[in-house]
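Hi everyone, thanks for coming. Today I would like to walk you through one protein chain, step by step. Please have a look at the sequence and the model first.

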Amino acid sequence: MGAKKQGRPRVGVVMGSESDRPIMEEAERILTDHGVACEVVVRSAHRTPAEAAEWARTARGRGLEVIIAGAGGAAHLAGAMAANSRLPVLGVPLASSPLLGFDALLATVQMPPGVPVGTLGVGSWGARNAAHLALRILALSDPAVAARIESRPGAKPQRSSRGGA
Ligand code: RP5
């Protein structure tokens, strides 16, 4: 697929450390491939909590519509985003510690009611699906994004040979 006109960033991709970047860039790649520009930053819920909160608080004002937050270990970054922004937050647990992402999964997924984080799978699969889910959110109000999703092979739900969905 050729390069798409991207314009202003609509999705914020935030990660807890530079060491998370190779995985989180997979989300960015999918979004930009669909013509959606991203703002990609490193902010830590533990090491730079004030900067992380400020980035989330000002995200909507900068034109962002969805936040994707990836972190490993005791991963509170996605929750910190949801605590400081009313934008939809998609959390990606990363396998950075000896617990291989199970720690980050539990820390990201089990948010208290009213502070939601839509948690994806661990690592690369989660980062990529966070991008696909962000596209589906944008597509609700953007026919151009909806059309790009539909034009992709495998985008349409397939009927199972056994008659299920
Ligand atoms: C988390 O700790 C980060 O999101 C990263 O996954 C992990 C390790 O960070 P570094 O020690 O590599 O900076 O906060």
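A word on the ground rules. This is a predicted model, in which local features need pLDDT of at least 70 and side-chain atom pairs count only at pLDDT 80 or more, while totals for chains, interfaces and linings use all residues. Residues are numbered from 1 along each chain as its sequence is written, and side-chain values use heavy atoms, with hydrogens and water left out.

So, what does the chain contain? It has six helices and five strands. Starting at the N terminus, the order of elements is β-α-β-α-β-α-β-α-β-α-α. Of the 165 residues, 45% count as buried. Buried means under 20% relative accessible area, exposed means over 50%, and partly exposed is in between, using a 1.4 Å probe and protein chains only.

Now the sheet. In which order do the five strands sit? The order is E2-E1-E3-E4-E5, in an open sheet with parallel pairing. Two strands pair if DSSP finds at least two bridges between them. E2 and strand E5 (118-119) are the edge strands, each pairing on one side only. Further in, E3 and E4 run parallel and are joined by six bridges. If you want a spot to look at, find Ala-69, which stands opposite Gly-91 in E4.

Next, the inside. In soluble globular proteins, nonpolar side chains tend to be buried together. A nonpolar core here is a set of buried Ala, Val, Leu, Ile, Met, Phe, Trp, Tyr and Cys residues joined through side-chain atoms within 4.5 Å. The largest core has 24 residues, and the members that touch the most others are Val-11, Val-13, Met-24, Leu-31 and Ile-68. Several elements each supply at least two of its residues, among them strand E1 (11-15), helix H1 (21-33) and strand E3 (66-72). Which helix gives the largest share? That is H5, with seven residues.

Let us zoom in on Ile-68. Leaving aside neighbours within four places in sequence, Ile-68 is in contact (heavy atoms within 4.5 Å) with residues including Val-11, Met-24, Leu-90 and Ala-130. There is also a second, separate core of 19 residues, which includes Trp-55, Leu-64, Ala-75 and Val-117.

On to helix H6. Its buried residues are Val-145, Arg-148 and Ile-149. They are on the same side of H6, because they cover an arc of only 100 degrees around the axis, taken from the directions from the helix axis to the C-beta atoms. H5 is part of what covers these buried residues. At the N-terminal end, Asp-142 caps H6, with a side-chain oxygen 2.9 Å from the backbone nitrogen of Ala-144.

Asp-142 also takes us to the salt bridges. A salt bridge is a side-chain nitrogen of Lys or Arg within 4 Å of a carboxyl oxygen of Asp or Glu. The whole structure has seven of them. In one, Asp-142 meets Arg-10 at 2.6 Å, N to O. This pair links distant parts of the chain, as Asp-142 is in the loop between H5 and H6 and Arg-10 is in the segment before E1, 132 residues apart. Are these two buried or exposed? Both are buried.

Another salt bridge joins Arg-62 and Glu-39, at 3.1 Å, N to O. Arg-62 lies in the loop between helix H2 (49-57) and E3, and Glu-39 in strand E2, so the pair ties together parts 23 residues apart in sequence. Arg-62 is partly exposed, at 33% relative accessible area, whereas Glu-39 counts as buried at 18%.

Glu-54 and Arg-57 form a salt bridge at 3.6 Å, N to O, and both lie in helix H2, three residues apart, about one turn of the helix. Finally, salt bridges that share partners join Arg-8, Arg-10, Glu-65 and Asp-142 into one network.

Conventions
Helices (H or I, at least four residues) and strands (E, at least two) are DSSP runs, numbered from the N terminus. A polar contact is a pair of N or O atoms within 3.5 Å; within protein, one must be able to donate a hydrogen and the other to accept it, and residues adjacent in sequence count only if both atoms are side-chain atoms.
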